[in-house]
Amino acid sequence: MSLLSIALRNLRYRKLASFLTALSMALGVALVVLVLTVSGVIEKSLERTSNVGYNLIVGSKGSPLQLVFNTVFFLSKPVENVPYSYYMEYLPGDGRQREYAKLGGELKEPERAGLYSFLMQGGFAIPLCMGDYVGEFRCIATTPDYFGLLKHGDRNDQDYRFSQGRNFEDYSQEHGYFEAVVGSQVAAAMGLKIGDEIFASHGAESGDTHSQGFRVVGILEPTGNPNDRGAFVNIEGFYLLEGHVAPERDEESGLEKRGTAQGPERAGMLSKVRLPIQKREVTAILLKPNGFAAIGMEKQVNKTKFAQAVSPIGQIEGLLGVFVRPLRWALLALTSLVVIVSAISILVSIYNSMNERKKDIAVMRALGASRDHITAIILLESLLIALVGGFAGWIVGHALGPLSNPWTMPATGVKIDWMSVQSGWEWWIVPGLVLVGTLAGAIPAMAAYRTPVSRNL
Amino acid sequence: MSQQIDRALLAIRELKKHYDEPGGGRLTVLDVPEFDISRGEQVVLRGESGGGKTTLLHVISGIVRADSGSIELEGVDLMGFSEAKRDRIRATKMGYVFQTFNLLPAFTALENVRLGMSFAQSGLMGRRVAGGTTDLDRAKDLMDRVGLSDRMHYLPSQLSVGQQQRVAVARSLVNRPILLLADEPTANVDPANQDRIVELIAQQCEHEAVALLLVTHSDAVARRFSRVEQLSTINQALQRTPA
């Protein structure tokens, strides 16, 4: 018989102890794999969502992190708004004149191009209005460009696609300005389908519900980014809801002019009348200047008094560096302790069996087994336990990720794939743990090595 | 090689073994001036328990190192050998039958027999023995010869004591030893089976041309053999320190 089959026979003879020891090893390794996966997923999702297809977010002065949280992750609260006319300064080329012609209202020097258009170098700017909710989900009012111009995915090269329906239109013959697109998780959670009407509630989940609804014309394919959790409505329709009309302000004092927060007169839902420019505000502007202009743009914008430009990648990198990566270290240290505990349990299990096995060892010695043979058998036993436990734990750790998707995906917007190795660490941590488990067999192996033969026969 | 034919297979000279006594002093357990066994010879060593029988077998097999003297196996003195070398000699040249059988409970009867061959050659994988038969064939053959071909896959706990000792006999011979050491092989076997076990050992040793050194306190067992030595004459230590 080979030493390997002798070791196997010994493990089989002590089935329960072997199983429990391998189980504790498996749980330890599963925990480590899970921590690696989860922290990898967090990091990846942060990195991926920071890669949403625009370089800068412009918004009202305030916390840059809040602006990123609100705009990219749909978390936290919106910062203050900026006037729509300010957004128009970013429109490239003659975009500002076209926008003025389309919307109407009051605008200073309507004939000139936007002040920042020279820095845009032909890129794009997309306005967002936020603050309302659809059910528990954030309502994002924007233009069709949001899905037309932005791309997503790991390499930021995938177009947004619709599992059902289409993108909303600036104005449609059927629904006027009142079309909406919902993310995959919103559709699933609220049971929405094409043709359903969604209603935004004002300012908070529990806010007053606007009486004018939006017709769902498209459901996004899952993207794995926060857009899965967004309800997107046409910004033109959004401006026409009550409470969304910005009052005119006195230029000196900044005080509201009474009675100016009124929408325009409109003859029914299909009316083409829009809210004039001076009554519009935006919460954030997504910018993608072409070329290297983004760096200059950020500086230029931050010089102004009321607006800031934030690079989402920079903010998220900062967040990763301060919180997520150190947390991963802490979690890894913690789980490594768990594995050391499982390694010790291998040690204890084998060591405890040594007493009853002294005679067996002595018999094998009498049959001509050398001390090295005995040591090899014991080490093989711990290696087998560590290997089987480690492998099972690795499988379980990877399986738990995808199995937890139904619960974690709605919360994180991140889908964990089978066998997605989120960290290169795994390739040496898991074998390392198996090695530790095996070495745990070294102490009982030493005891076996020293077992005196003649006294135990 | 021709010289070896003249020499004894096993030649013991002036072999001494002491144990330290608790409270000081040394107890001499073995003092064997001369003891030889020829190739293929069957010898019974008769003596009461406590007479140093087991110690003598342990010393011959290299499990215990003697303090002085010489043990020559095939003309080679084992006294100077390291433990590893003695293990190797024991694995390749000697078989051992214990009073308490000492079958490993985790292994089936056949596996216990195969276990006897496992240590003659190191390596994690199994091996082939000379002559082209695998160790499995050899083990099965021996199981057949001790009359247990229908019990090969039984665990020791599922066998009677007589059957267990027969497995132990098969195990001791599986490695084609040149010397079989049997320590009271019938002491734990019921009287009806004692003769059969002794007969089996003697026959198989003869069949395989293996020299046998069997120690026993039983006259009934000793009667089966032509050369019977009294332990008390061989081991001088007994004459000085009666138990």
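Predicted model: local features only at pLDDT ≥ 70, side-chain atom pairs only at ≥ 80, totals over all residues.
Local features were considered at pLDDT of at least 70 and side-chain atom pairs only at pLDDT 80 or more, whereas totals for chains, interfaces and linings use all residues. Residues are numbered from 1 along each chain as its sequence is written, with chains lettered from A and ligands numbered from 1 in the order in which they are written.

The secondary structure of chain B comprises ten helices and nine strands, where helices (H or I, at least four residues) and strands (E, at least two) are DSSP runs numbered from the N terminus. Of its 243 residues, 47% count as buried, a residue being buried if 20 or more other C-beta atoms, placed from the backbone, lie within 10 Å of its own. In helix 5 (residues 135-145) of chain B, the residues D135(B), R138(B), A139(B), L142(B) and M143(B) are buried. These residues lie on the same side of helix 5 of chain B, because they cover an arc of only 135 degrees around the axis, the arc being that of the directions from the helix axis to the C-beta atoms. Just after this helix, G147(B) takes a positive phi of about 80 degrees.

In chain A, eleven of the eleven residues of strand 3 (residues 124-134) are buried. Strand 3 pairs in the antiparallel sense over five bridges with strand 13 (residues 284-288) of chain A, pairing requiring that DSSP finds at least two bridges between two strands; in strand 13, K288(A) is the bridge partner of F124(A). Strand 3 of chain A also pairs in the antiparallel sense over five bridges with strand 4 (residues 137-142) of chain A, where T142(A) is the bridge partner of L128(A).

Methods: Buried ≥ 20, exposed ≤ 12 C-beta atoms within 10 Å, placed from the backbone.
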